[in-house]
Amino acid sequence: MEQKDNALVNTCSFTGIRPIMMDLPYPPIQVCRKNQVYADLLSIDYCGSVSEMSAITQYINNENRLSCEKCPIAKTILGIAMAEMMHLQKLGELVFLLGGNISFIAKQSNGRRRMWTPEYLNIPENVKGMIMADIESEKAAINQYKMHIKMINDEYVNAVLERIIKDEEYHIMLLQSLMKDL
């Protein structure tokens with residue numbers, strides 16, 4: 001951060017930032033057939049408490065708060081957020097193909113419906129806390145995806161979820177590396 005003419009200026013440039021993900025292709029976005037139960041499960045991954053929507057919002061919040069003082073960390077966080085956006089987009093396509101609606105409402109197996117809310121986020125005040133919260137969120141997402149893979153009998157959907165897990169595992173490795181450098 002610089003001061004120019006009594007104005008504070010963020011000098012952290014995000015030009016050229018790309019999604020941070022494994023260098024592997026994603027499987028085609030397709031499904032065996034429509035299945036509302038599977039669509040509802042993926043709606044939880046899309047916008048539930050443990051979801052891509054929550055991850056994106058938490059990462060962007062952390063990136064915004066870090067960009068002025070911890071630019072290299074902020075750039076990594078933004079790259080991870082961009083990968084999470086791609087996951088959200090792929091899940092949305094799957095939900096649609098399965099016959100579901102993209103409405104930011106997670107549909108639980110017990111019939112409960114809950115709209116996404118920022119109350120799902122963990123927003124610590126310090127850098128270590130932020131990164132630890134991000135690591136825990138990635139671990140929770142991996143566990144949820146693995147549980148959903150066991151519940152979904154659609155090889156195409158499961159292939160996409162397994163590919164997303166690879167990115168989440170890569171994110172954990174990067175975040176743990178950031179923790180070591182603090």
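The chain has 5 helices and 4 strands. Both are DSSP runs, numbered from the N terminus: helices are H or I with at least four residues, strands are E with at least two. From the N terminus on, the order is β-β-α-α-α-β-β-α-α.

A word on the source. This is a predicted model, where local features need pLDDT of at least 70, side-chain atom pairs count only at pLDDT 80 or more, and totals for chains, interfaces and linings use all residues. Residues are numbered from 1 along each chain as its sequence is written, and side-chain values use heavy atoms, with hydrogens and water left out.

Overall shape next. The C-alpha trace spans about 60 × 35 × 25 Å along its principal axes. Of the 182 residues, 47% count as buried. Buried means under 20% relative accessible area, exposed means over 50%, and partly exposed is in between, with a 1.4 Å probe and protein chains only.

Now helix H5, residues 155–181. H5 has 27 residues and reaches 40 Å from its first C-alpha to its last, close to the 39 Å expected. The expected span is 1.5 Å times one less than the number of residues. What caps the N-terminal end of H5? Asp154 does: a side-chain oxygen lies 2.9 Å from the backbone nitrogen of Tyr156.

Over to Gln58, in helix H2, residues 52–66. Gln58 counts as buried because its relative accessible area is 5%. Its side chain reaches the backbone nitrogen of Asn122 at 3.1 Å. For polar contacts, the pair is N or O atoms within 3.5 Å; within protein, one must be able to donate a hydrogen and the other to accept it, and residues adjacent in sequence count only if both atoms are side-chain atoms.

Thr117 sits in the loop between strand S4 (113–115) and helix H4 (127–151). Buried or exposed? Thr117 is buried, at 14% relative accessible area. Thr117 and Phe14 are 103 residues apart in sequence and 27 Å apart in space, C-alpha to C-alpha.

Last, Leu97, in helix H3, residues 71–97. Leu97 has 32% relative accessibility, so this residue counts as partly exposed.
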